[in-house]
Amino acid sequence: MASKTLKLPIGSWVVISAFTLSGVLHLINPQGFMFLMPQWAPEPILLIYLSGVAELASALGLLLRKNWGRYLTVATLIAIWPANWWFAINALNGELWLAIAAWLRLPLQIPLILWAWRNPVSR
């Protein structure tokens, strides 16, 4: 199994790495993500924890080449997209570097979705 996992495409490793790091950070420092949450989001801390768990589960599913991992990863990326849009629009009122970073996050989600979807699955 280890050799099969190691042969994942680079794109899969990018998603797995990003989701693992982000998921862990969501769980150990949820307050650090509050600035990304729209004011209209219900229970923002709970949503941060849930997204962290979803990211870790997604990374594990991709790593293990499970079909559900692809679906969960794509669903997670689509679910957080509205918050990323809100943050990008809101960041226009702040510092320039933050606005640029916020707007760069939006198109970055497209290759992440494609790489997750193309992740090979075990048969």
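Contact here means heavy atoms within 4.5 Å. By that criterion M37 touches P44, L47, I48 and W86, leaving out residues up to four places away in sequence. This is a predicted model, in which local features need pLDDT of at least 70 and side-chain atom pairs count only at pLDDT 80 or more, while totals for chains, interfaces and linings use all residues. Residues are numbered from 1 along each chain as its sequence is written, and side-chain values use heavy atoms, without hydrogens and water.

**Nonpolar cores**

- A nonpolar core is a set of buried Ala, Val, Leu, Ile, Met, Phe, Trp, Tyr and Cys residues joined through side-chain atoms within 4.5 Å; buried means under 20% relative accessible area (1.4 Å probe, protein chains only).
- The largest such core has 12 residues, including F33, M37, I48, W86 and L106.
- Its largest share, 4 residues, comes from helix 4.
- Another core, of 11 residues, lies apart from it and includes V15, L62, L112 and I113.

**Helix 3**

- Helices are DSSP runs of H or I with at least four residues, numbered from the N terminus.
- Among the buried residues of helix 3 are I48, E55, S58 and L62.
- The cover over these buried residues includes helix 2 (10-28), helix 4 (67-91) and helix 5.

**N119**

- N119 lies in the segment after helix 5 (96-117) and is buried, at a relative accessible area of 1%.
- The N119 side chain reaches the backbone oxygen of L62 at 3.1 Å, a polar contact being a pair of N or O atoms within 3.5 Å; within protein, one must be able to donate a hydrogen and the other to accept it, and residues adjacent in sequence count only if both atoms are side-chain atoms.
- Beyond its neighbours within four places in sequence, N119 is in contact with L8, S12, L62, R65 and R70.

Key. Helix = DSSP H or I, 4+ residues; strand = E, 2+ residues; numbered from the N terminus. Buried < 20%, exposed > 50% of the residue type's maximum accessible area, 1.4 Å probe, protein only.
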